[in-house]
Amino acid sequence: MDLSIFGYQFMQNAILAAFLGGVACATVGVFVVLMGISFIGVCLAHAAFAGAILGVLLGFNPLLGAFIFSLGTAAIIGPLATRGELNLDTSIGVLFSLMLGLAFILMGLMSGPKTQMLSLLWGSILTVSKTDLILLGVVAAIVVGLVTLFYKEIQAVLFNRDIALAVGIPAGLIIYGILFLTGSTITVSLSPIGGLLIFSLIINPAAAAYQLTYSLKKMFLLAAIFGIVSGWIGLLASYLFNVPSGAAIIVASSLIFGLAALFSPKRKIKRWQVRDEPSRVFQSTGK
Amino acid sequence: MRNLYEMNNTVVKIENAVVSYREDVALRDVSLEVKRGEFVGVIGPNGAGKTTLITLINGLGKLVQGRVWVLGHSIRKGSVNGIRKRVGYVAQLQNIDPRMPISVEEVAMIGRYSQLGTFRRPGKADRDIVDEMIELVGMSHLAKRPIGHLSGGEQQRVAIARALAQEPEMLLLDEPTASLDWRAQKEIMELVKKVHETRNLTTLFVTHDLNALPDTCDRLVLMKAGRIWQQGTAEEMLQQDILSQLYDAPITTREHEGRKIFLKAG
């Protein structure tokens, strides 16, 4: 196997982008999976997408537009749910459809070819720019830093919001923080990883980690490892089989999830409990 | 109020409280005083405002009118976090995902977070307190297990350990025995009685189920339609006619092994 390709700068950048994106997305994914708001990935990705198009249309930095839209949307999700007495997922669904509509209206207003915009949906990890890498690095560091710093508050809120409030943890603030981190991660991943790909990179590694551990710390760690490995396997496969890198990363992360689900000790415990049930009944009646 | 708090040992004072959610008024002009060390049972039908009364005390409820003092502090918006740290709260059995990645001792540790504040991690002293509380509620053998794997009664014991790990001055229990089986219900009631006595707590115990009321209540508060309808000693309040009126349903009482049991008549 000729691996000389990994000596090239663009490939090294891609490997680094997969590492940073993998860590940031997978960490955010743990929140998303545990809070049961998996749709937030596509919702904020489309918000960022609409913001980027607006930027191009009005002549300001698309990245700025993407940030404003995705963080703005992340900020509205909570209040919309509270005001409308909806659950978070419904609120996310409403905003997702709005952002999708906006993105296509704005794209309709653009003249000329739209391939540059559409590439944001698929990402281009092989042509990742230095700015993308720096931003990805900064956001990954912030995400990991804040999770480490506020680990116990985050753990309490993920377990039960009311109980967190009852022990004096500002649960609302923590949830906004989580949404803010999700929005930032998605925005900086938009260009290198792509709006559609990001969904799988958020959900799959965290969902795989969820299959394997009962410890939140380990879940964060495993998710990050799976995120990185998905990216790297995807890159390698894309080179070896000459397939699009984004799609290869999606398939790699799905495979990791499949394996984790297959070998999940959590399922084994379930089977063990069922098998053990008659003996327990017998013991208690025998007393 | 601080003086009154110190002189009279009044830990909770609610004056003409009104709480409303949307169009519904959950509490109408409710006034209540609780003294240090008291064990107060709050009973009444569903929707009577019992839970709202509890949320008023731990600052989770929204006061529209009236005033509330807890442990010498007036409860206002934004100033409640300090109070919450001193008040342990046990809600009714939660629906916990069995795959939730959090263990029994980690759940109990959440109680310590109230005392730790931001940026500080739990140390040995905190772990010792958590171990002690888990032992107190009889869950030491399950300490490392995922919380979602425990039975309802065991999860409620852990919830009590979590509340006690806060080293609270007050314990609020909101239907802690709801949806538990008979034996678990009895065990939780006995546990609450024990911790109330051994840890010098002031305890408020809310339940709609008369048979789930610990027999140590110093006082019973009867709530109906958002108001405190009557209050008095358990002896005075647990009468067939009073209870039948409270629940708008005929209720008979029977003595069984020295304990009053309540039956729906007819």
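Colleague: Which residues is A:M110 in contact with, leaving aside its neighbours within four places in sequence?

Modeller: In this predicted model, A:M110 is in contact with A:I53, A:V56, A:L57 and A:M117, once neighbours within four places in sequence are left aside. Contact here requires heavy atoms within 4.5 Å. A:M110 itself is found in the loop between α4 (88-109) and α5 (115-122) of chain A. A:I53 lies 57 residues from A:M110 along the chain, yet their C-alpha atoms are separated by 8.6 Å.

Colleague: Why is A:M110 called buried?

Modeller: The word buried applies under 20% relative accessible area. A:M110 has a relative accessible area of 11%, and therefore it is buried.

Colleague: What makes A:V42 count as buried, and where is its place in chain A?

Modeller: The relative accessible area of A:V42 is 11%, and the limit for buried is under 20%, so A:V42 is buried. Its place is in helix α2 (residues 40-58) of chain A. Leaving aside neighbours within four places in sequence, A:V42 is in contact with A:F96 and A:F199. A:D89 is 47 residues from A:V42 in sequence and 12 Å from it in space, C-alpha to C-alpha.

Colleague: Why does B:T177 count as buried?

Modeller: B:T177 has 2% relative accessibility, and therefore it counts as buried, the requirement being under 20%. B:T177 is found in the loop between β7 (170-174) and α7 (182-198) of chain B. Apart from neighbours within four places in sequence, B:T177 is in contact with B:Q185, B:I188, B:M189 and B:A212.

Colleague: Why is helix α7 (residues 151-159) of chain A described as largely enclosed by the rest of the structure?

Modeller: Nine of the nine residues of this helix are buried, so the helix is largely enclosed by the rest of the structure. Among these buried residues are A:Y151, A:K152, A:E153 and A:F159. The cover over the buried residues of α7(A) includes α1, α6 (130-149), α8 (161-166), α9 (171-193) and α11 (216-241) of chain A, together with α4 (104-116) of chain B.

Colleague: What does A:F159 touch, not counting residues up to four places away in sequence?

Modeller: A:F159 touches B:I96, B:M100, B:I102, B:V107, B:I110 and B:I147, with residues up to four places away in sequence not counted. In the largest nonpolar core, which has 126 residues, A:F159 is among those with the most contacts inside it, along with B:I43, B:I147 and B:I160. Helix α1 (residues 9-35) of chain A gives the most to this core, with 13 residues. A second, separate core of 32 residues includes B:A17, B:V19, B:V70 and B:L172.

Colleague: How do you know that the radius of gyration of chain A agrees with that of a compact globule?

Modeller: A compact globule with 287 residues would have a radius of gyration near 19 Å; chain A has 21 Å, which agrees. Along its principal axes, the C-alpha trace of chain A spans about 80 × 55 × 30 Å.

Colleague: How many helices and strands has chain A, and what part of its residues count as buried?

Modeller: Chain A has 13 helices and zero strands. Of its 287 residues, 50% count as buried. Among contacts in chain A between residues at least 6 apart in sequence, 74% join residues at least 24 apart. Chain A exposes about 13100 Å², of which carbon and sulfur atoms supply 71%.

Key:
Residues numbered from 1 in each chain as written. Chains lettered and ligands numbered in written order. Predicted model: local features only at pLDDT ≥ 70, side-chain atom pairs only at ≥ 80, totals over all residues. Heavy atoms only, no water. Helix = DSSP H or I, 4+ residues; strand = E, 2+ residues; numbered from the N terminus. Rg over C-alpha atoms; globule rule 2.2 N^0.38 Å. Buried < 20%, exposed > 50% of the residue type's maximum accessible area, 1.4 Å probe, protein only. Areas by Shrake-Rupley, 256 points an atom, 1.4 Å probe, with all protein chains shown as cover. Core = buried A, V, L, I, M, F, W, Y, C linked by side-chain atoms within 4.5 Å.
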